[in-house]
Amino acid sequence: MAESTIEQQPLTGWDKPDLDLSSADWHSSSKGVGDVQIAFVEGFIAMRNGGSPQNPSLIFTPAEWGAFVLGAREGEFDLT
């Protein structure tokens, strides 16, 4: 069987920098265990799982964050 390699292509339209989140000031969404945490870094909003902070964080532009929060308030996202 011949081996194949898959070349990973960069995401089209990905305009976010590789942010250093190691010294970010994380804010908890609640006092619960494993809750969502956010940090404001270099004009972007980073969001991570507080129960697994070693996992990758989501990075939002301010416009994307606004759309996410608005959608969540309207019930578009199940945040439980």
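A helix here is a DSSP run of at least four residues, numbered from the N terminus. Keep that in mind for Exercise 1, and remember that this model is predicted.

**Exercise 1. Find the residue with a positive phi that follows H1, and check the length of H1.**

Step 1: Look just past the helix. H1 is followed by Gly-75, and its phi is positive, near 85 degrees.

Step 2: Now take the helix itself, residues 62-73. At 1.5 Å a residue, its twelve residues should span 16 Å. The end C-alpha atoms sit 16 Å apart, so the two values agree.

**Exercise 2. Work out which residues of H1 are buried, and what covers them.**

Step 1: The buried ones are Trp-65, Phe-68, Gly-71 and Ala-72. They share one side of H1, because they cover an arc of only 130 degrees around the axis.

Step 2: Here's a handy rule: an α-helix has 3.6 residues a turn, so residues three or four places apart point the same way.

**Exercise 3. Decide whether Gln-37 and Phe-40 are buried or exposed.**

Step 1: Gln-37 has 15% relative accessibility, so it counts as buried: the cut-off is under 20%. Phe-40 has 57%, so Phe-40 counts as exposed, since that takes over 50%.

Step 2: See what Gln-37 touches. Its side chain makes a polar contact with the side chain of Arg-48 (2.6 Å).

Methods:
Residues are numbered from 1 along each chain as its sequence is written. This is a predicted model: local features need pLDDT of at least 70, side-chain atom pairs count only at pLDDT 80 or more; totals for chains, interfaces and linings use all residues. Side-chain values use heavy atoms; hydrogens and water are left out. Buried means under 20% relative accessible area, exposed over 50%, partly exposed in between (1.4 Å probe, protein chains only). A polar contact is a pair of N or O atoms within 3.5 Å; within protein, one must be able to donate a hydrogen and the other to accept it, and residues adjacent in sequence count only if both atoms are side-chain atoms. Helices (H or I, at least four residues) and strands (E, at least two) are DSSP runs, numbered from the N terminus. The expected span of a helix is 1.5 Å times one less than its number of residues. The arc is that of the directions from the helix axis to the C-beta atoms. Contact means heavy atoms within 4.5 Å.
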